[in-house]
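Visitor: Hi! Could you walk me through this one?
Guide: Happy to; here it is.

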Amino acid sequence: MNKSFFGKFDVKTIVATALGAALFLVLFAFVKIPSPVPNTNIQIAYGITTFFGALFGPISAALIGFAGHALNDFIAGFGIWWSWVIASAVAGLFAGFAYKFSDLEHGKKPGKMFFILNIVGQFIAWVIVAPILDIVIYAEPVDTVFVQGLTSFVVDAISACVVGGILAYAYAAVRSSASSLDKE
Amino acid sequence: MKKTKLFSYVDNGTIIHKLSGLSKLICFLLLTFASMFTYDIRVLLVLLLISLVISYIAKFPFKRYKLVLVYFMIFMVFNFLLNFLLAPNYGVEIFGTKHVIYVFSDHFTLTWEQMYYQLAKFVKYICIMPLGLMFFYTIDPSEFASSLNGIKVPYKACTVFALALRYFPDIQRDYNNINLAQQARGIDSSKKASLTKRVKNVAKILLPLVFSTLDRVELISNAMELRGYGKEKKRTWYSYRRLVKRDYLAIGLCLFIFASVLFMRFVVVKNLFWNPFI
C-alpha cells in the first residue's frame with residue numbers, strides 16, 4: 001500500500017467531499033434516533049465521516065464534518081456554534097487517518113485501526129476540543145461541559161463505529177478484491 | 001417530512017442585498033467573532049441591537065425569529081437546570097459576591113450571580129442569531145462560493161461548499177424516496193418502531209442512499225474532469241461582484257464595531273464579564 005497519509009485531493013475527492021457533506025447534512029438534520037439519555041440524539045451522521053474518511057482521507061473527512069455541521073447550524077437558524085463545528089471537523093480528521101490503513105476499494109474489510117482511530121478521534125473531539133472551546137468562548141462551567149462531552153463521546157463513538165462499520169463492510173463486500181484476477 | 005430550504009434568498013433590493021457577497025461574508029464573520037470575544041452584557045445588548053437594525057434594513061420578516069426564539073428558550077432552560085445541578089455556585093465563583101435568592105440546601109443555593117450569568121449567556125447566544133438568519137436570507141447562493149474564495153479560502157474547498165449546497169436538495173429527495181420505498185416494503189423507521197428495530201431499519205435506508213451517492217460522485221467528477229476542472233492554480237467566478245464604495249463602507253463599519261468590542265474587552269473592562277455586583 002503506497003498511499004499518502006493525507007490522501008490525494010483530486011477532482012473525485014473534491015466531489016466526494018461535497019456530496020459527503022450534503023449527506024452528512026441530510027442525516028444530521030433529519031435522521032435522529034433519540035437515545036435513552038434525554039436531550040441527546042444518536043447522530044448517525046458521524047458514520048458518514050467515518051466511512052468517507054476511510055475512503056478519501058483525513059482532509060476530506062474533516063471538511064465533511066466542518067461543512068456539514070456548519071451548514072446544519074445555519075439551517076437550524078442560530079449562528080454557527082464554532083466549538084462544536086470544530087469538534088466535528090477534528091472527529092472527521094481522525095476518522096480520515098484510517099485512510100492509510102484501510103483498502104476498502106479493493107474489497108479489504110476494515111481492520112482494527114479503523115475502529116481505534118475513530119474512537120480516539122471522537123474522544124479528542126468531544127472530551128478535549130469541544131469542552132475547552134466551550135470554556136474559552138462561552139465560559140461554560142467546567143463540570144457541565146465535561147459531562148456533556150462524555151455523553152456525546154460515548155454516543156457518537158458508538159454511532160461512528162457501528163454506522164461507519166456497517167457501511168465499510170457493505171462497501172468492501174461489493175468491491176472485487178485486488179487479487180481476484182491473476183496475471184498469467 | 002417537511003422540506004427545508006437552505007437558502008431563503010429573496011432579492012428585495014435593499015441596501016444589504018446590494019452589498020457584494022464577499023463583504024457580507026466578512027461582515028458576518030467580524031460580527032460573530034466580536035460576540036465570541038465578550039461576555040459583557042452591555043456590549044452584547046448593543047451587538048443585538050445592531051443585528052436587529054441590520055435585519056430591519058434588510059426587511060427580514062420578524063415572525064421568523066419566533067420559532068428560533070422558542071428553541072433557544074428550551075435550550076436555555078435545560079442549560080440552566082444542568083448548570084444548576086452540576087455547578088450551582090459558578091456565578092458566585094465568577095463574580096466573587098453572593099446575593100442569595102433562595103436556599104435549597106447548603107450546596108444548592110440560587111443566587112442572583114447565577115441568574116445574571118445565565119442571562120448574559122442567553123444574550124450572548126441570541127445576539128448573533130439574527131445575523132445567521134440574515135446571512136442566508138441576503139446572500140445569493142451562487143455568490144457564496146466566490147465570496148469564500150474572496151477571503152482566500154482555496155478554491156477547491158469553495159467548490160466543496162458550492163457542490164454541497166447544490167446537491168443537498170437532491171440527496172434529501174433521494175432520502176425521502178428510499179425512505180418511502182422501504183416503508184412500502186414494511187420497513188418502518190419512524191417513531192412507531194422500537195429502538196433496536198429503528199436502528200436496523202435506518203441502516204436499510206442508509207446503504208442505498210450512500211451507495212447511490214457514491215455513484216453520483218463518479219458521474220459528477222467525470223463531468224468536471226472532462227471540462228478541465230482543477231487544471232489551473234486559480235479560478236474565476238461567474239457570479240463575482242466587484243467591491244464598490246458601499247462595500248468598503250460596510251466592511252469599515254464592521255471592523256470598527258469589532259475593534260470597539262475588543263477595546264471594551266481588553267482595555268476598558270479587562271475582564272470577560274462585566275460585574276454589576278461591585
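**A chat about chains A and B**

Guide: Chain B has 11 helices and 2 strands, where helices (H or I, at least four residues) and strands (E, at least two) are DSSP runs numbered from the N terminus. This is a predicted model, in which local features need pLDDT of at least 70, side-chain atom pairs count only at pLDDT 80 or more, and totals for chains, interfaces and linings use all residues. Residues are numbered from 1 along each chain as its sequence is written, while chains are lettered from A and ligands numbered from 1 in the order in which they are written.

Visitor: What pattern does chain B follow along the sequence?
Guide: Chain B reads α-α-α-α-α-β-β-α-α-α-α-α-α.

Visitor: And what is the mean pLDDT of chain B?
Guide: The mean is 85, and 97% of the residues of chain B reach 70 or more; pLDDT is the predictor's confidence in each residue, from 0 to 100. The model scores ipTM 0.86 and pTM 0.84.

Visitor: New topic: how many residues does each chain give to the contact?
Guide: Chain A gives 40 residues and chain B gives 48, with contact meaning C-beta atoms, placed from the backbone, within 7 Å. On the side of chain A that touches chain B, the largest share, 15 residues, comes from α1(A). That side divides into 33 nonpolar, 5 polar and 2 charged residues. Here Ala, Val, Leu, Ile, Met, Phe, Trp, Tyr, Cys and Pro count as nonpolar, Asp, Glu, Lys and Arg as charged, and the others, Gly among them, as polar.

Visitor: Which residues does A:A18 touch?
Guide: Not counting residues up to four places away in sequence, A:A18 touches B:T159, B:V160, B:L163, B:A164 and B:Y167.

Visitor: Which residues touch the most other members of the largest nonpolar core?
Guide: Of its 122 residues, they are A:A18, A:A21, A:A22, A:A67, B:V160, B:F161 and B:A164. Such a core is a set of buried Ala, Val, Leu, Ile, Met, Phe, Trp, Tyr and Cys residues joined through C-beta atoms within 7 Å. Helix α1 (residues 11–30) of chain A gives the largest share of this core, 14 residues.

Visitor: Last one: is B:P154 buried or partly exposed?
Guide: B:P154 is partly exposed, because 13 other C-beta atoms lie within 10 Å. A residue is buried with 20 or more other C-beta atoms within 10 Å of its own, exposed with 12 or fewer, and partly exposed in between, with C-beta atoms placed from the backbone. B:P154 sits in the loop between α8 (141–150) and α9 (155–184) of chain B.

Technical notes. Two residues are in contact if their C-beta atoms, placed from the backbone, lie within 7 Å.
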